[in-house]
Amino acid sequence: MPLLTKEEAQTLLKKVLSYSKADECEVNLTGTDQGNIRYALNAVSTSGGISEKTLVVSSAYGKKSGVATINEFDDASLEKVVRRSEELAKLAPENPEYMPLLGPQTYLESKTYVDATAAISPKTRADAVATSLEISKAGNLNAAGFYNNDTGFSAMMNSKGLFAYNTSTSVAFNVTVRTPDGKGSGYASKGYNDVSKLDVAAATRIAAQKAAASVTAKAIEPGKYTVILEPAAGIVLLENMLYELDARNADEGRSFLSKPGGTTKLGDKLVDERVNIYSDPQNADLPTATWAQDGRPQEKISWIEKGVVKNLFYSRYWAQKKGVKATPQPDAVIMEGGSASLEELIKGTERGILVTRLWYIRSVDPQTLLFTGLTRDGTFYIENGQIKFPVKNFRFNESPVIMLNNLEALGKSERTVSGESGQGAMIPPMKIRDFTFTSLSDAV
């Protein structure tokens, strides 16, 4: 399916709005071409593609609104979906928090589309997997992985004159490599807008090395250890903090940022002063759309600066209620790092544990952001600056807030595939003291 150009999308959305009889109408249009290839036990299992285009119409009468969706684009279907959204709006109860639609906005040009990524073909995917399989087979290892790419567009227009349009590309690769006896496991994941930055062979070699090196894992006592969290491990804890920077939850006492008496920790020093976290839709290494789903412009925002909570994100309704700027939630976050490589962090560690990955994350206490989960796919003991031996996996109990207060060192920030949220991130490997492991796990 060819992407609609800006002009084609604009023409289609104007036609949809011309059918509207509601007080207000907003139309969102998205389209995507996706391709993927999956493999396991050193053989490709599936390969395919998805091509789709969807139109969502939201109509409002006063504070009553209704939404209807369709994927047919002839004139009769377009009018039908508008009428359906209007029917639903008339049946709906009033929403006391309904906000009038935004008028025209000004957006920066996004950097999310890369021609080379849009040109990825089935052969590109097959060749990449062939390279990965060569490495696993040469090491007498079994590999399972997934390579997928996406080219898409999104556009929105409303009856107040707002129009926004964006195109984007992405490519992601992950691989788990295991020894034939299942006792050793390694993992690597990478994702980019620009396919030229993806090195499938390098990622597979890292996973293969960890698989081969983790076979003879030793059991050591649980407890508090200095750990080095690789980005794929650190992000699954950090995202559970960063995407909870919601102002309303904090104001209403339902957040780790809430304080007694109805105040919040906005402006308070929350973590180590070396922690700086921001979002920037035009960052060259992690670009995102320059507008949010409700049409608000996305701008560069500092969320945590020198350990201090500088901003929270607000819905338009809550921002109006509080008399502040309506700052949308970011699509991606960046944590500044240091200059050290992962190898240099290891070399500077007298005793500690290297963690490749954390998974099966579950909340223990939302008010303190305490989480539990497991290590997996390569956990190693460090002594006198060297990896000495693999260790059995652990269950941990830890809070990202406590973790960032126990910070010892930061490596170079790098783009990583986000954990359960699916959103992007750039974070450094982190050296943390007193990380709490509570028990052993037999999983690899």
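1. The model is a predicted one.

2. On that naming, the elements that each give at least two residues to the lining of the second largest pocket are β6 (185-192), α5 (200-213), α6 (231-242), α9 (342-347), β12 (351-365) and β17 (414-416). The space in this pocket comes to about 570 Å³. Its lining numbers 25 residues, and those closest to the pocket centre are Ile206, Lys210, Glu230, Leu342 and Glu343. Sorted by class, the lining of the second largest pocket consists of 13 nonpolar, 5 polar and 7 charged residues.

3. Helix α5, listed above for the pocket lining, also packs against helix α4 (residues 122-138), at an angle of about 30° and with the axes 9 Å apart. Angles under 35 degrees count as roughly parallel, so α4 is roughly parallel to α5. The crossing of these two helices is right-handed.

4. Which residues make the contact between α4 and α5? From α4 come Ala128, Thr131, Ser132 and Ile135, and they meet Val200, Ala201, Thr204, Arg205 and Ala208 of α5. By class this contact has 5 nonpolar, 3 polar and 1 charged residues.

5. The crossing of α1 and α2 is right-handed.

6. In the contact of α1 with α2, Leu12, Lys15 and Val16 of α1 meet Asp75, Leu78 and Val82 of α2. The residues of this contact comprise 4 nonpolar, no polar and 2 charged.

7. How many cavities of 30 Å³ or more does the structure hold? The count is 1. For the largest cavity, the volume is about 60 Å³.

8. The lining of the largest cavity is made up of Ser279, Asp280, Pro281, Leu286, Thr288, Ala289, Gln298, Glu299, Pro330, Asp331 and Ala332. Divided by class, these lining residues are 5 nonpolar, 3 polar and 3 charged. Asp280, Glu299 and Asp331 are among the residues that line this cavity, and Asp and Glu count as charged.

Definitions and conventions
Residues numbered from 1 in each chain as written. Predicted model: local features only at pLDDT ≥ 70, side-chain atom pairs only at ≥ 80, totals over all residues. Heavy atoms only, no water. Left-handed = near helix turned anticlockwise from the far one by under 90°. Helix = DSSP H or I, 4+ residues; strand = E, 2+ residues; numbered from the N terminus. Contact = heavy atoms within 4.5 Å. 1 Å grid on protein atoms, 1.4 Å probe; cavity = no way out; pocket = protein on both sides within 12 Å on 5 of 7 lines; lining within 4 Å. Points joined across faces, edges and corners; volume = space filled by probe spheres on them. Axes fitted to C-alpha atoms, helices over the stretch in contact; angles between N-to-C directions. Parallel < 35°, antiparallel > 145°, perpendicular 65-115°, else oblique.
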